[in-house]
Amino acid sequence: MTNELALLESAARCYEQAGEPAEAARVRERTGALTAAARLYEKAGMTADAARCYRTARLPEEAARCHLLLGQVESAADCVEAAGDPLTAAWLLACVGRRPQRARWSLASVRPLTLDQRLRLEVCAGLCVALESGDSTALATAADAAVGQLSEVGAGERERLVRWVVGCADAAGRADLAATAHARAFRDGVPGALGRWHRWAGPALGGTTWLPGAGGAAHGGRDRE
């Protein structure tokens, strides 16, 4: 370690101990410790600088998280796609960013290898149609298929599939499709299903006491963990 680098490392530690993460981050960045710098920038509330360091450090998923916090959906999608996940990039663009044409470009490169991937692709493609034309028929068909096959996808993939269906349904103004997805998740025992229903139904429907298909069990019931 050169004398200059040693001095910079010492300065960074001093700034951290003094509770000055922004200054510590700048010094860490000068030393090339980009991941450490990014975390310090986040601690200092300097999210844009954190995203820049994560991208330079080739940590696209962390960079995407920062871009989403900043409301920079396209930049987040670029990061996710760079990480080799064009399907999630398309979902971000369509569901969060309401950019169906750009989402379609990402979907064009997706070759689904599993049932979960195929169902998520079809739901995302259905949302693109709904956003572009106002016709949510394709989305409804895809959402029904996803909900109907929820028990057939891997246990670790079910919560994500439900989240995608609910998000796309909300983006298209189809609360009925979202409610059905929540109900199926509850019925199939997806962990946390009732809690997610309560968090969604309050703002979306103005109440949380009725869960379709739950036989009234959702009212005051205990969440399935």
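Accessible areas here come from the Shrake-Rupley method with a 1.4 Å probe, and for residues only the protein chains shown count as cover. On that basis the accessible surface of the protein chain is about 11300 Å², with 50% of it belonging to carbon and sulfur atoms. The structure is a predicted model, in which local features need pLDDT of at least 70, side-chain atom pairs count only at pLDDT 80 or more, and totals for chains, interfaces and linings use all residues. Residues are numbered from 1 along each chain as its sequence is written, and side-chain values use heavy atoms, with hydrogens and water left out.

The protein chain contains 13 helices and 0 strands, where helices (H or I, at least four residues) and strands (E, at least two) are DSSP runs numbered from the N terminus. Its C-alpha trace spans about 70 × 40 × 30 Å along the principal axes. Of the 225 residues, 44% are buried; buried means under 20% relative accessible area, exposed over 50%, and partly exposed in between (1.4 Å probe, protein chains only).

Helix α3 (residues 34–43) has Leu34, Ala37, Ala38, Leu40 and Tyr41 as its buried residues. Seen down the axis of α3, these fall within an arc of 165°, so they line one face of the helix; the arc is that of the directions from the helix axis to the C-beta atoms. The face turned away from the buried side carries the exposed residues Arg39 and Lys43. Cover for the buried residues of α3 includes α1 (3–17), α2 (21–31) and α4 (47–56), contact meaning heavy atoms within 4.5 Å. Just after α3, glycine 45 takes a positive phi of about 80°.

Two helix pairs are tabulated below. Axes are lines fitted to C-alpha atoms, for helices over the stretch in contact, and angles run from 0 to 180 degrees between N-to-C directions.

| Helix pair | Axes come within | Crossing angle |
|---|---|---|
| α9 (residues 115–133) and α11 (residues 158–171) | 10 Å | roughly 5° |
| α7 (residues 86–96) and α8 (residues 100–107) | 8 Å | roughly 175° |

Angles under 35 degrees count as roughly parallel, over 145 as roughly antiparallel, 65 to 115 as roughly perpendicular and the rest as oblique. Helices α9 and α11 are therefore roughly parallel to each other. Their contact involves residues including Leu119, Val123 and Leu127 of α9 and Leu161, Trp164 and Val165 of α11. Helices α7 and α8 are therefore roughly antiparallel to each other. Here Pro86, Leu87, Ala89, Ala90, Leu93 and Ala94 of α7 meet Arg102, Ala103, Ser106 and Leu107 of α8.
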